[in-house]
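Work through the two exercises below with the structure open. Try each task before you read its solution.

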Amino acid sequence: MTLQYSLLDEPLIRARLVDGGQPVQYSLPGLFVALAHDEVRDFPALRPHQRHPWHAFLVQLAAMALHHAEQAQPFETEQEWKDALLELTPEHPDGEAWCLIAPYDKPAFMQAPVPAGKISEWKNTLHAPDELDMLVTSKNHDLKAARMRQVDLDDWVMALISLQTQEGFLGAGNYGISRMNGGFAGRVAIGVVPDGHWGTRWQRDVAALLTHRNEIVETMGLQNTDGIGLVWQKAWDGESSLAFFSLDPFYIEVCRRVRLIRSDSGQSIGAVATGSKVARIEAKERNGITGDPWAPIDTAAGKALTIGSDGFHYRLSAELLFGNKFRSTITQVPDIADGEAGIVVLAQGVTRGQGKTEGYHERRIPISPKVRNMLRQKQTDLLAQVAGERVDSIGKIRGVLWTALAALFDKGAVKDKFSDGAKNKATIFTKAFEQVEDFLFFEELNAEIESNDPENARLQWLLSMADRAEANLKTAFIAGPQSSELRYRARSAALSRFHGGLRSDKTLPTLANYYRRLSTNKGGCT
């Protein structure tokens, strides 16, 4: 079998330029040169859940090559990048480790060598890249497998990287990656994205990895020299695992035994896969703590973060940015080189269940100048306090709204013991309210931090939130009792509970005091 489709020599990766969206195609060395000039706008083959695996792969690979070459800055030419990448595969100088298809006893891109080169007994045949990829779903609201019929070579590239660097456990013989907390978890990522395009963030994160390399080596016990960096170079019989401590700190892993093949007609590419008796990397006891540059760590629990089906909601996001529960990633702390404006913190991850995924989640959190400086100087106490108070305030107004809604749906019930039906409907409407507050949370928090009068900024936020809660309640009127007598009683009871709750010192004293002063002033005017 001849080597086919070399990422080092052939322009297999489709992209669009920042300048006008012009379509272009790159080899891997050519892409690195373009990223260094921040010329790339996006990648047509890239699906949303593949964004972080692709970014992480490009960053880890570039950082590994630069460190090996003792370079601090990206190379300027394609030839320099090609030479540096080949230096990472000294046992395979012909470049087979960078080809999509290679003899089976040799490595191919993101595909481990098969001892003796025999795959005749591999029975799992895959015809499309999205059959190979990692989103296994039970409902049509998520991505379904094998929908892709018009396939380009870079579709297979993205699918291989996604499978091999973020897949979880999927039944006997299908083990997941080392960089997550267990087989039913997910590879969660959080990091700063400065103003710019793909290349700006790529350069930023490559620099962060090089800066923190020794720290990762020391804290994780990994190899600073001669560690295994490109795991797919090593032959795998499915019965042996690599020791975690044998790895390079920037290691790019593979978790499945898979090979790309040509179809019998030679007109298309497919894949064959088989199971393994063990995970490729023996790291189960590490609970996802591997030195991943983008992975938040729950310090008390001693494990990498796993997100639930609600993704990066405002409570979790505030804790990740400002709290003490999670250790910040090396890529999420703003740097002075990130500039003054347009900075966001990007959180990404897939929620996984047994035998399926429950959705891809992504959140971009805007960072104002003062917040950026506080994070950079690690002065987060004030930020954590403000965020915590705001989370508490949302919860209290949500509680007032829920009680008013339950009274509405229970026909104006006087007591607080509502029917199950009324409680379920109230929960549905309060979720809609909380989604709006979730969307506005960081924008409003930034405004308070930036304000010269933060107390007034807080009060104005509380008042606007109360208005939104009342609008939510009135929207629910159409779903409440409709007969004339019950309608009047239910709506009056709901509004009475709502306004009474807002004016209670037990809810939000700041709001209660405002309404008291407002009432007093009105009384004085009359």
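The model is predicted.

**Exercise 1: the sheet**

Task: Find the bridge partner of Leu 17 in S4, then work out the order of the strands in the open sheet.

Solution. 

Step 1. Start at Leu 17. Its bridge partner in S4 is Val 40.

Step 2. Widen the view to the two strands. S2 covers residues 13–17, and two bridges join S2 to S4. The two strands run antiparallel. Two strands count as paired if there are at least two bridges between them, so S2 and S4 qualify.

Step 3. The open sheet has three strands, in the order S3-S2-S4, and the pairing is antiparallel.

Step 4. Look at the twist. From one strand to the next, it averages 55°.

A general point: strands of a sheet pair through backbone hydrogen bonds.

**Exercise 2: the largest pocket**

Task: Describe the largest pocket by its volume, its lining and the helix that supplies the largest share of that lining.

Solution. 

Step 1. Give the volume. It is about 940 Å³.

Step 2. Go to the centre. The lining has 39 residues, and the closest to the centre are His 212, Thr 329, Ile 330, Gln 332 and Val 333.

Step 3. Check the helices. H6 (198–220) and H7 (314–322) each supply at least two lining residues. H6 gives the largest share, with 11 residues.

Step 4. Sort the lining by type. There are 17 nonpolar, 14 polar and eight charged residues.

Terms used. Residues are numbered from 1 along each chain as its sequence is written. This is a predicted model: local features need pLDDT of at least 70, side-chain atom pairs count only at pLDDT 80 or more; totals for chains, interfaces and linings use all residues. Side-chain values use heavy atoms; hydrogens and water are left out. Helices (H or I, at least four residues) and strands (E, at least two) are DSSP runs, numbered from the N terminus. Axes are lines fitted to C-alpha atoms, for helices over the stretch in contact, and angles run from 0 to 180 degrees between N-to-C directions. On a 1 Å grid over the protein atoms alone, a cavity is a set of points where a 1.4 Å probe fits but cannot get out, and a pocket is an open set with protein on both sides within 12 Å along at least five of seven lines; lining residues have an atom within 4 Å of a point. Grid points are joined across faces, edges and corners, and a volume is the space filled by probe spheres set on the points. Ala, Val, Leu, Ile, Met, Phe, Trp, Tyr, Cys and Pro count as nonpolar, Asp, Glu, Lys and Arg as charged, and the others, Gly among them, as polar.
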